[in-house]
Amino acid sequence: MKRIIAVLLSAVMLVLPFAFIVQADSSAPSRTINLVYDDSGSMIEDDNGTYVDRWCQAKYAMEVFAAMLGEKDTLNIFFMSDYGVGTSGASKAPGLTLQGSKDAAVAESNVKKVHDVLTAPSGTPYAAVTDAYRQLGDAATDEKWLVVLTDGEFGDRPIAQVGEDFKDYVADGTVKVMMLAMGNVSVQALGVNGVEGVYAESAGSGNEILGKLTGICNQIFQNNELKLTDFSANVGIPMNQIIVFAQGKDAAIESITDGQGNTYKPTSNVNVMYNPQPSAPGAVYSDDPKVVVADDLMGYVATFDTYLAPGTYTFNVTGADSVNVYYKPHVTIAAYLYNDEGEDITAEEHLVAGTYTVQYGFLDASTGEKVEDTSLLGNIEYSSVIKNIDPFYFGEDVAHVFDFIANIF
């Protein structure tokens, strides 16, 4: 997935001389993700009495979600079964709270918690959604996400009204909403197509759930997918994180090797695997022999938290049925000023009346070198506004030459 990077550059030329380069902060934002999980019985047996593996696919996908958490990410999982009759207005603590970390042991623990949690299948109460949204208001993070996973319409809220609620949730721009509709739920009925901050996906069959939820992960965590050819890729940009997701019962992720033969070992390498138990002991379906288990779901999620310069890399993965690689660029933004003769104006020089050209570009955030190949950064849009230029004022100090308003990676 390539994201469109929208960069707004406001050039405020107040006093002189000119500071020729300004860089944007490329540090990762902090996030709170409140995920509402529909653990109703229809995730196991649909309305026609057909047993389905949606529950198993979704649980496995949430393990992958947990494995991808960054160190500034908090994931709260709200189970719909916690919101039964008489709890429509009640606020409940999340069923699980997971804090991301670069520590491999924490990543393994997070995945294990998702794997082991068992609930008692119930209905599809909308109270779980409203409570998860309300609790986002208490989060002091840069980004706030509400993610809803459901395979049916809510028993106490028409789907069109849910769409209106989502529009209200994102109205002030502080919260973003994602909904993955599994089974026969119509995302079109939400009426949110084109609404900024609301994203709705559908997974008609069980085997689509993992891919859709992985896509949601990538959008939230701002990961981009790297296409491989025979387990290798020629990368034209610097990177500061690589995530390798290898699936298969014999899958193993060993390392990454660069063109000079240097080998990089993963910071964490977490096993993800289906859980054959659909519900808590003694609950409905817990001992039902007709329950469908997606027992082919297993693999590893390996994270490489290291600087990788542009170059050719080989991914040493064995025994995998499929391999997906995701990356975070390690870049910052720069602006340059040129006079009408094409000369680069530096910070030591004074401006005189005339025509100037502002150019933009990306730099390696570690080395400061220009990044020439930006194809892996997606479609890049730049804009600038020049304000308050007085050609007759020549001061000796610079208050602000360029103000960057940018939220990049």
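Reply: Happy to! Buried means under 20% relative accessible area, exposed over 50% and partly exposed in between, with a 1.4 Å probe and protein chains only. This is a predicted model, where local features need pLDDT of at least 70 and side-chain atom pairs count only at pLDDT 80 or more, while totals for chains, interfaces and linings use all residues. Residues are numbered from 1 along each chain as its sequence is written, and side-chain values use heavy atoms, leaving out hydrogens and water.

By that cut-off, tyrosine 37 is buried, at 4% relative accessible area. Phenylalanine 79 is buried too, at 4%.

Now to the helices (DSSP runs of H or I, at least four residues, numbered from the N terminus). The axes of H1 (residues 54–67) and H5 (residues 206–221) come within 9 Å and cross at roughly 25°; axes are lines fitted to C-alpha atoms over the stretch in contact, with angles from 0 to 180 degrees between N-to-C directions. H1 is therefore roughly parallel to H5, as angles under 35 degrees count as such. The contact (heavy atoms within 4.5 Å) includes Tyr60 and Phe65 of H1 and Leu213 and Phe221 of H5.

Phenylalanine 65 and phenylalanine 221 also form an edge-to-face aromatic pair, 5.4 Å centre to centre with 75° between the planes. Rings of Phe, Tyr and Trp (its six-membered ring) pair if their centres lie within 6.5 Å; planes under 30 degrees apart count as stacked, over 60 as edge-to-face and the rest as tilted. Phenylalanine 65 lies in H1 and phenylalanine 221 in H5, so the pair ties together parts 156 residues apart in sequence. Both phenylalanine 65 and phenylalanine 221 are buried.

How values were computed:
Helices (H or I, at least four residues) and strands (E, at least two) are DSSP runs, numbered from the N terminus. Angles under 35 degrees count as roughly parallel, over 145 as roughly antiparallel, 65 to 115 as roughly perpendicular and the rest as oblique.
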